[in-house]
Amino acid sequence: MRALAALRELGLDGRLLTAPAELAAFGSDALTAFHERPAAVVLAQRAEEVVEVVRACHRARVPFVARGSGTSLSGGSLPVAGGVVIALNRMNRVLSVDPETCTAVVEPGAINLHVSAAARQHGLAYAPDPSSQSVCTIGGNLAFNSGGAHCLRHGMTANHVLGIRAVLPDGELVELGGASREPVGPDLTGMFCGSEGLFGIALEVTLRLVPIAEATHTALASYDSLELAGAAVARIVAAGMLPVAMEIMDALAIEAAEASVRPGYPPAAALLIVELEGERDVVAADAARLRALLDASGAGAVRTTVDPDERALIWKGRKSAFSAVGWLAPDYLVQDGVVPRTRLGEALAEIGRMSAAAGIRVANVFHAGDGNLHPLILFDGREPGALERAERLAGEILRMCVRLGGSITGEHGVGVEKRDYLELMFAPADLALMRRVRDTVDPAGIANRGKVFAPERAA
Amino acid sequence: MSVVAIDSPAALSEAVRAHPRVLPVGGGTKPALSVPPDGTDVVALDVSGLRGIVEYDPAELTLTARAGTPIAELDEALAAHGQGLPFDPPLAAAGATLGGVVAAGTSGSGAFHHGTVRDFVVGVRFVDGTGALVAAGGRVVKNAAGFDLPKLLVGSRGRLGVLAEVTLKVFPRSEASATVAFELGAIEAALAAVARLARGSLELDALDLEPPGRVLVRLAGDADSLPPRAARLAAALDVPGVTLERDAAAARWREVAELSWLPAGARAVRVATTARAVPALQAALDGAGAAVRYGNAANVAWIAWPQEQPLARLDETLGTLGLTGTALTGPPHARVLGARRGGAFAARLRAALDPDNRFPED
């Protein structure tokens, strides 16, 4: 392969992997049902190296895939067979934190939680908090516009990325945005975020930091049904409150969390977690209002805490829910549909019916405040046809989300997994423009080929 | 100059196809961006007839409206349900429209707490340079499907497409607000105070700086909470503040939002800044005799560029300082001022969205 010969000349030494045993670890990301074998993996150490590799790939027209920690749930960092994987984990430095402008500059392989750790001494934090935040990287968060439980108030990754230095798919270098929160001109930074690697690779990212809240109050309420929990969320919204997070877990998800990290959740058909953040006195007043709303919402038990350790345990249970369902079934598919918040109850009832009709167990954890559902479809991959049945149910759930006026993905991205469903949401003209954008930015079609859109030959 | 009145998305699509060079205009409050330059063949597409709320369910906290809908009309509809647009779109009283605010990328003082217009746009329908009416984003607050064209159109000034419809996130409106002015003397002290408050844990609704040394802070929330919070604010700055009377505060913020503090004849220019960039910019503006206010914790400068000064001078100054701006009022001048970013990425997006160069050069 021509690209491989060019890569050998870059002096990467032991950081150019080509042996099958070495490549195996890069064959999948967190969407383990998909697997491909790349021709080579480059463990990049510097931005210049990434640029050289991209240029070599472009010259040889060999597809490349950037990879951080491989936590994508949509197959975002699934390799292209015979292509190159550019692993960015070694470029993991937080280059600077500037308390004067509340910004941080980081390398793409910087781990999400490490940004907050570096900012803490200044009383600042990086707000977006995907469940995988202890391992996932900023580059991956940026490429997929990752969300998280606290995005209800703080917004998604794109709302916190101010500037990007990137290499385009043909090796051109560009500077997008800057350090200001009030950009001028088309929002190129926002456009690059969430493009799933199709526009190239971010080499350096300027992030917005937020002050650590003075007070945090967490409430945990249990309910006899998902519908009651959903109705409580509607009440809180209707009261004009703006919590930082509102999360619901169903009985199966609670059971899984208890089996794995033992957060001490009360047994219930549904649990609602609501978190308030802000100034001490304001949070205290809001906490009293929230308590009254929860008491009137038919909650069985309401537990509240301002203790950081207790709060951490509550969130540990919630954030480990995806991996915890591994205790309930050998395999699972995570879905990421969105419905209008007012249709949440309807959507959950519908998922319940679909699950029963298909005879497939579905655990539900979701960002109730913004209508982002995460049904976990449980199956046993060793049973013939089980994966296909699970995928069929996943598809039905996505169709329902779109029918109710929502989206096929809230924060995991389209990846390889949902590309066939894009046309449920968008008309041919909408998709034609998106393809034209992609083809103009990357005429050779080598940057993360096969993600978002099916490869051209199949089209 | 020829003008085509647009009253439907289909008519917009047709008008873009029918004319080789077009530029949209809504309320006309930012004429530097929306008036075709004299002597050009650019046809103005008047989208002010493309108006009305398409969908608004207060329980969803989202609103979809046609692009030519005046912000004032949206404000009224939202206020009836205790909601609002917390980024305080500027020039609303003057007639700014939803599409104009998004295309100009302008946000007001409330953006400090809640984010700028880019943080509120979740979906758009627009006509690209080929005349195709396309949709991107959606009507739900969280959506990662497809490229984020809604964000790209924020600040695109009609150079990448013409907005037909926009879906915004909306927020509950605060019950009350209080405005406190602090006099710090010199710009350095005022900037230090702004930076301290911006990274502090007191929740401020707006944090503006009026050179040389005034810091203007707005608190919002329950009426009872405001006096003790104002006291904490003064303690944090270690300077006594003056709480403005309610009417005076409202008048002050109106003046800020409507840019009516600008001296007559001065051009409004909006520049992206940071607290670190302000001292050098301020010195340059002082030298040119230009008044300025800073919003969003010194992340944006609103400059009153004197009529007698050529805009080229500001262009050069901003370029030297590595800053970027746009003129909003005064004679047509759509080109970005100062440092230009985006390079090949910007050029390729433009080629994809406007392959026939129907929209004026950027």
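In the predicted model, Val65(A) stands opposite Val85(A), a residue of strand 4 of chain A.

Strand 4 of chain A spans residues 84-87. Val84(A) and Ile86(A) point one way from this strand, whereas Val85(A) and Ala87(A) point the other way. In a regular strand, side chains alternate between the two faces of the sheet. The four residues of strand 4 are all buried.

The two chains touch: 77 residues of chain A are in contact with 71 residues of chain B. Several elements of chain B each supply at least two residues to this side, among them strand 8 (133-137), helix 7 (187-198), helix 8 (226-237) and strand 15 (267-272). Helix 12 of chain B gives the most, with eight residues. By type, the residues on this side of chain B divide into 31 nonpolar, 23 polar and 17 charged.

Within chain B, Leu216(B) is found in strand 13 (residues 214-221). Leu216(B) is buried because 23 other C-beta atoms lie within 10 Å, the cut-off being 20 or more. Leaving aside residues up to four places away in sequence, Leu216(B) touches Thr179(B), Ala181(B), Asp208(B) and Glu210(B). Glu60(B) is 156 residues from Leu216(B) in sequence and 33 Å from it in space, C-alpha to C-alpha.

Note on methods: Residues are numbered from 1 along each chain as its sequence is written. Chains are lettered from A and ligands numbered from 1 in the order in which they are written. This is a predicted model: local features need pLDDT of at least 70, side-chain atom pairs count only at pLDDT 80 or more; totals for chains, interfaces and linings use all residues. A residue is buried if 20 or more other C-beta atoms lie within 10 Å of its own, exposed if 12 or fewer, and partly exposed in between; C-beta atoms are placed from the backbone. Two residues are in contact if their C-beta atoms, placed from the backbone, lie within 7 Å. Two strands pair if DSSP finds at least two bridges between them. Ala, Val, Leu, Ile, Met, Phe, Trp, Tyr, Cys and Pro count as nonpolar, Asp, Glu, Lys and Arg as charged, and the others, Gly among them, as polar.
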